Every structure is written in structure tokens, then in C-alpha cells.
Amino acid sequence: MSDLAAPNTPLPPVPADENVPDNADAEAWRAKIFAYYKTNVPTKIKMVNSKMMEKWAGKYDVLYQNLIKKYGPLGHPLPVSTLAPGAGGKKSMGDFKDSFINLVAKAAPQQLPERNVDVVKSKAGVQVNGLETSTFTVCSRVRPILPHELEKEGGENFAVIVPGQSFEFDYAFGPDSNNSEIYKLTTEPLVERCLNGQCGVIFAYGQTGSGKTHTMNGIMDELCESDIFKEGSEVEFTYLEMLGANIKDCLNTDPQPKPVAIGEALDGRILTRNVSIHPCADSSALKALVSKAKSLRSVAATEKNAASSRAHGIGIISCTDVETGVTGKLYVIDLAGSESAKDSKKHDSKRMAETKQINLSLSNLKECIRARTMASEPGMGGIHVPYRRNKLTLLIKDVFEIGCPRICSTVVMTNVSPLASDVSHSSNTLKYSGPLRVAVGKGKGNLQKDEDDPANWTNEEAEARIREAHGGEIGDVKAFVRGLTGVQLCGLPEKEYLVRGGKEAGKKVYLWMWALITDAKTRKRRDDGTIVTKEDEENERQELVRQKEEKARIWAEREKHLRKEF
Ligand SMILES: Nc1ncnc2c1ncn2[C@@H]1O[C@H](COP(=O)(O)OP(=O)(O)OP(=O)(O)O)[C@@H](O)[C@H]1O
């Protein structure tokens, strides 16, 4: 912090200044004070106006002395940072540092014990069952001020964030949080789920230069060392980069790669073409691929960040249980940074078009997350989630598809800059992402457990239900279920059903499961979360018919009566 000169640095000598006008001569003083500001504090010259002259009328000499104390003798301005705090000058970073440290220290001890909570798991606990089996966890992270920002002349003011669970977010990470702490609270639970055949997604979302790549790269590094490599599990890795409809496979070594395509099969499966999938035998193989992917990401300078990622980076890790054939997926997504008009003011037309594409896909992603979380509310089953509008949301369709058989745990990491100059962008980012979490958490009471949703079945229940419905066709139901729970069975691909149950019976069970899953996801619920069963619906329909008939009867009688009278 070179600008923090010691407060007792000797001042330059006061130059002889003979011309001291009479206090009654306002015009002479105005000219003198104007000349003073012009020399010592040109940025504040607009202060010399009629209001100032009126305020100080008759005591201009006192004002002049005050100015010399504050801004130095005429022609020898004081460096901004040597101005004493509270003397009315612009405060520097150093002036705020102690009070900042005190503030954080005061708040931190109350928050620390809660740092051990499993943010994602505690979220899953809120979902009692049934209709909503997936979770959205929303966190925020404010990065530290960077050395070059500290060294900027005069320093920068900064925003303060107190780490812990907050009203708006499931967890707020402060500038002192490191990647491994963040990994532990947000991504480790996703690894557990991925190994269980489920789907985990972590996004970094925020302004350019706010620390998304730093966070997601850190998470990838931690993943390389994680439990993902366990016996009996096969790991594969893919890394894609996406800008609008352009998709690049960062790990494809073909000098003339064919274009990557992402589409949807008739049965709803997501298909990718020309995407390279790399088996990883161990952590060092994954590390090598991750570092290659990192080095190949397209970066360009923005006003805010010299190495800005101009496309969404998508790391996909698949873990397949060799014994059961169940595959879980983990997506680590470093979204391209959102830019305000201020940040993109020097872009040429190509970069401007790129920025538009980025902002468009980010707004589509936000719309999907919002619609998906709203659709989880009882009585909101009809909400449309527009995930087909964009290749990114289509690729991670499982997260948004209401009828998806997999449980998807999604973590949205909202990255923000600590600088006061970014406060309006940061506040927009936080204002948007905070409510994504509230939408899931507010739930209208507990949802009634849906016994017919395969996702809720234990292994024993799954076995009993399959035996009851298809025991005749599948000889050994125990061997078919092979210790899996309902959720795990839902995650099995169709071909695994055929292998286990034979071509015909396996297909039958597969289709039967799909019908149950779809029924469960579209099940009607009342506002209090209770299920409207088929019988309830039939009773309600019959009641309506009865009421209609009763009305018709009353009208017919009235008519008869009227005819008699006239
Ligand atoms: N928690 C942190 N600790 C230390 N340095 C950080 C942290 N977060 C970010 N940085 C630094 O801040 C700068 C910008 O971060 P980064 O590139 O991750 O931003 P970004 O949000 O990914 O930006 P863009 O959207 O432009 O790609 C980098 O120099 C990075 O090293």
C-alpha cells in the first residue's frame, strides 16, 4: 500500500503569500480560492460557487486556512493518503482496515460453529419427499480485494460480507474463505450423490472478474483428490466450452474436430455428438485432463478482468458403478461473466455480439432455475421450464425436467466483487440469486409422501412393488433389483433393464417405471401439500355432476311452478 505515507511526514514550507484580500472583498476571495483549488484540488473545483461564498461571507481567511490544513499549502498539495481520517479528506483503504478487521472479528465468532453444517444436505432435509426430490442451494462468495486494487491511488472502498448462513442465502462465504472450505460445504455432498447414481451441478454465476473461474478451478482441483475414485467405480471426464450455439470440446485432440452437437432423442434422452469422453483411471489422470482443459479455455481481456472467460466452461464427470451399471453425473460449470454497459464500453462489434449472447444465455438459465424452483411448489405443477431454448440448459436437462427420474442437487454459487465501484452490479446479482433459494425453501407445509413415486422406495419396497406388478414375467426379482433403491433404479439406463430382465420383460418394467415416475411428477396436490388421488378426482367429478343435476332439477321445478302461475 504505497500510498499510505506516514502521518508525520514533514510538510513543504508555506510559500510567501502577500496578497490577502479584505474579508469584505468577496470577489477577490473568490478568485483566490478558485486559484487555490485549481492548483491543489482540481477535482473539487466545482466547490467554489455562490453557495460556498455565501456560507463563508466575512470569514474567508478562516476558510483559506482550513483549506491549507486539509489540502496543503498553495502549490504543494498533500498526497491524498496522508490526509488524517476524519479531517474531511477522502479516506484511504488503510483508514478503514482496522475498523473492518474489528467488524469481522466481532461477527465471526457467532458464525463459526455453523461453518460445519452441510449446506446441501441440510437443504435436502427440508424436502420431505415425493414431488420435490431435487434441491437448489444458493450460496454467495465475495472475493478478497486484490493487491493491484489496494494499490490504486487513494485505495478503493469495499463492501463487507459476514460469512455464515444468512437470510437470503443458504451460505455466504467471505473473503477469508478458501476453495477447500467451499468444496467441502458445497461439492463434497454432490460427489456422494454422483456416486449414488444421481446428478450434481455446481454453477458459478456473477460479474466478470468476481472470482468464478478461481472458485470453479479450485473445485475441480479438489475433485481430483476426492472420493470419486473408489473401487468398483469407473470415472470419465469431458470438458466443453459453450458460447451461444457454438460448442467446443476442449479435450478433443483431433486437429480438425467435427462440430459438437447436443440434441434430444424422441424418448427424452440427451444425445451428444462428436464429444470426446476420457476415462480416468486415477486422480493424476483426471488432474492432467483438468489442467489441459483449463489451459485451453478461451479468455479475453474485459474492462474488469485481464483474463476473462468469454464462454461457459462445463466440466462433466461421470461415475459408473461397475457392479450395478448405475451412472451418476457431476457438472462443474464456470459461467461466462455478466457485464454491465460500463464493463463492455470498449468492445468492438464482435465482442459486443458475444456479450449479448452471454447475457442472453445467463438470463435463460436464471429463468429456468426460477421456473423449476417454482414448479416444486404444491399446486404449481403446470409451470413451463424453458430449458430447450438454450444448449446449456438442454445439456443439463435433468436439473430442469420435472419428470426427471434422477435426483438433481444443484448449487448456485453467486460470486461478487468486494469493490464499492461494483456495488450496483453486485447488488443486482445478489438480488436475483437470493430469491432462487427462497422459492424452494418456503414450501407450503410438508408435502404428503407419495407412496407411488419410485424415487421414494427403499430397496425392499422396490423389490416388493416389482414383484407385485411383474413378478410373473421376471423370474428372480431380487437379482433384478440387485440391492438398489428406487432412486437408483430410476437412474438406470434402459439397456440395463433389458440385461437384467430380458428383452421383453426388462422393457416392460422399464416402461412401467417411467409411467410411475411421470405420474408422480405430475401428481396434483392441494395447497397444503396433500395429494389429490385418482379416487379423490373421481369423487370431485361425481360431486360436480350431482350439483349440476340438482341445479337442473330446481330450475325445472321453478319453471313448472311459473307455468302454473301464468
Ligand atoms: N478468492 C480469491 N482469492 C484470491 N484471488 C481471487 C479470488 N477470487 C478471484 N481472485 C482473483 O481475481 C481475479 C479475477 O478472478 P476470476 O478470473 O476468477 O474472475 P471471473 O469471475 O471468472 O471473471 P470472468 O467472468 O471475466 O472470467 C483473478 O486474478 C483471480 O485470481
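## Overview

A residue is counted as buried if 20 or more other C-beta atoms lie within 10 Å of its own. By this criterion, buried residues make up 37% of the 566 residues in the protein. The structure described here is a predicted model.

The secondary structure comprises 19 helices and 13 strands. When contacts between residues at least 6 apart in sequence are considered, 71% of them join residues at least 24 apart.

The covering extends to both faces of strand 3. On one side lie C199, V201, F203 and Y205, and on the other lie G200, I202, A204 and G206; all of these are buried.

Which strands pair with strand 3? One partner is strand 12 (residues 327-334), which is joined to strand 3 in the parallel sense over six bridges. Within this pairing, I202 stands opposite V332 of strand 12. Another partner is strand 13 (residues 408-416), which runs parallel to strand 3 and is connected to it by eight bridges. Here A204 has M413 of strand 13 as its bridge partner.

Is strand 12 largely enclosed or open? Eight of the eight residues of strand 12 are buried, so the strand is largely enclosed by the rest of the structure. Both of its faces are covered. T327, K329, Y331 and I333 are buried on one side, while G328, L330, V332 and D334 are buried on the other.

## Helix 7 and helix 8

Two packed helices are described by the angle between their axes and the distance between the axes. For helix 7 (residues 179-195) and helix 8 (residues 212-224), the axes come within 9 Å and cross at roughly 75°. Angles of 65 to 115 degrees count as roughly perpendicular, and helix 7 and helix 8 are therefore roughly perpendicular to each other. The contact is made by N179, S180, I182, Y183 and T187 of helix 7, which meet T215, G218, I219, E222 and L223 of helix 8. These residues divide into four nonpolar, five polar and one charged.

Helix 7 has a kink of about 45° at T187, shortly before the proline P189. Both T187 and P189 are among the buried residues of helix 7, which also include I182, Y183, L185 and R193. After the end of helix 7 comes G197, which has a positive phi near 85°.

L251 is located in the loop between strand 5 (246-249) and strand 6 (261-264). Is L251 buried or partly exposed? L251 has 18 C-beta neighbours inside 10 Å and therefore counts as partly exposed, as a buried residue would need 20 or more. Beyond its neighbours within four places in sequence, L251 is in contact with T238, Y239, S276, H278, L289, K292 and A293. The C-alpha atoms of L251 and I277 are separated by 8.5 Å, although these residues are 26 residues apart along the chain.

N274 is found in the loop between strand 7 (270-273) and strand 8 (278-280). N274 is not a glycine, yet it has a positive phi of about 60°. With 13 other C-beta atoms within 10 Å, N274 is partly exposed. R482, in the loop between helix 15 (477-481) and helix 16 (486-491), is not a glycine either and has a positive phi of about 45°. R482 is partly exposed, with 17 other C-beta atoms within 10 Å.

Notes: Residues are numbered from 1 along each chain as its sequence is written. This is a predicted model: local features need pLDDT of at least 70, side-chain atom pairs count only at pLDDT 80 or more; totals for chains, interfaces and linings use all residues. Helices (H or I, at least four residues) and strands (E, at least two) are DSSP runs, numbered from the N terminus. A residue is buried if 20 or more other C-beta atoms lie within 10 Å of its own, exposed if 12 or fewer, and partly exposed in between; C-beta atoms are placed from the backbone. Two residues are in contact if their C-beta atoms, placed from the backbone, lie within 7 Å. Two strands pair if DSSP finds at least two bridges between them. Axes are lines fitted to C-alpha atoms, for helices over the stretch in contact, and angles run from 0 to 180 degrees between N-to-C directions. Angles under 35 degrees count as roughly parallel, over 145 as roughly antiparallel, 65 to 115 as roughly perpendicular and the rest as oblique. Ala, Val, Leu, Ile, Met, Phe, Trp, Tyr, Cys and Pro count as nonpolar, Asp, Glu, Lys and Arg as charged, and the others, Gly among them, as polar. The bend at a residue is the angle between axes fitted to the seven residues ending there and the seven starting there.
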